[in-house]
Amino acid sequence: MPRRIVVLISGSGSNLQALIDALNTPALPDAQITLVFSNRKAAYGLTRAAQAVPEIPTAYLALQPYLKANPGKTREDYDAEVARIVVRENPDLIVLAGWMHILSENFLELVDGRKAVVEADGKETKYNIPVINLHPALPGAFDGAHAIERAYEAFQKGEVAHSGCMVHRVVKDVDAGEPVIVREVPIEKGESIEVFEERLHKVEHQIIVEAAKKILDEVKPQDS
Ligand SMILES: Nc1nc2c(c(=O)[nH]1)N[C@@H](CN(C=O)c1ccc(C(=O)N[C@@H](CCC(=O)O)C(=O)O)cc1)CN2
Ligand SMILES: NCC(=O)N[C@@H]1O[C@H](COP(=O)([O-])[O-])[C@@H](O)[C@H]1O
């Protein structure tokens with residue numbers, strides 16, 4: 001039975017594409033992506049999923065439309081709804097690949113088993129699904145959004161000699177989870193941010209696959 005991956009995206013999905021391309025190769029054997037979930041309707045990653053062979057199912061739910069359609073509900077309720085959609089796939093791994101929404105405990109507690117998911121029929125299920133996130137900076141360096149730009153600016157000011165990227169476990173505090181894979185990426189003096197960013201993305205495409213395989217092999221070793 002292939003290991004099941006759910007990928008959350010918000011944008012272009014080039015890291016999702018790296019995972020798709022690696023499926024059932026030695027880089028990521030015995031695995032399938034069973035759902036790509038986006039909080040942005042225009043995310044090109046949704047197109048990548050639809051164009052994959054075989055096609056990968058997609059789902060979309062954005063925070064503001066959810067709040068508008070559910071008066072009285074909160075951001076935390078949205079997070080719990082995202083968790084319910086995701087765990088319905090019974091994944092072995094959840095990957096945040098350019099997912100630009102900070103997830104509250106309402107999401108985390110439903111996927112890590114601290115709280116049971118209650119189905120319409122009243123059935124309660126507790127899950128224990130690892131969640132990993134790709135971040136375009138080194139641990140503790142530039143946590144949060146716009147990390148690439150901040151690292152580049154810090155290099156220009158002589159505050160850092162290089163940057164990097166990592167995949168880490170997801171905890172409540174943003175980008176504070178245990179690193180799974182960390183890779184330094186040099187910044188060359190005088191190069192544009194675009195050149196640096198292209199180099200960094202190439203490394204990201206490698207580490208997201210490495211990290212997915214590492215965690216899957218921990219939780220569900222491939223069929224012998
Ligand atoms: N609980 C956690 N949630 C998320 C984590 C995490 O480590 N713990 N990682 C992020 C990914 N990320 C950095 O790696 C990140 C994404 C988004 C933001 C942010 O400020 N988001 C704003 C909205 C920004 C926007 O919509 O453009 C927000 O959520 O209000 C910071 C860091 C994913 N989630
Ligand atoms: N803080 C989270 C964050 O900045 N994530 C970054 O979003 C990009 C997604 O690219 P993609 O949509 O082409 O995969 C990646 O560079 C990833 O590190």
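The model is predicted, so local features need pLDDT of at least 70 and side-chain atom pairs count only at pLDDT 80 or more, while totals for chains, interfaces and linings use all residues. Residues are numbered from 1 along each chain as its sequence is written, chains are lettered from A and ligands numbered from 1 in the order in which they are written, and side-chain values use heavy atoms, with hydrogens and water left out.

- Strand β2 spans residues 31-38, and seven of its eight residues are buried, which means under 20% relative accessible area with a 1.4 Å probe and protein chains only; strands are DSSP runs of E with at least two residues, and helices are runs of H or I with at least four.
- β2 pairs in the parallel sense with strand β1 (residues 3-9) over seven bridges, where pairing requires that DSSP finds at least two bridges between the strands.
- On the other pairing, β2 and strand β3 (residues 58-60) are parallel over three bridges.
- S38 is the bridge partner of I9 and also stands opposite Y60 in β3.

**Ligand 1**

- An oxygen atom of ligand 1 lies 2.8 Å from a backbone N or O atom of I102, and an oxygen atom of the ligand is 2.9 Å from a side-chain N or O atom of N133.
- A nitrogen atom of ligand 1 is 2.9 Å from a polar backbone atom of V171.
- Taken alone, ligand 1 exposes 710 Å², of which the protein buries 78%, with areas from the Shrake-Rupley method and a 1.4 Å probe.

Definitions and conventions
Buried means under 20% relative accessible area, exposed over 50%, partly exposed in between (1.4 Å probe, protein chains only). A polar contact is a pair of N or O atoms within 3.5 Å; within protein, one must be able to donate a hydrogen and the other to accept it, and residues adjacent in sequence count only if both atoms are side-chain atoms.
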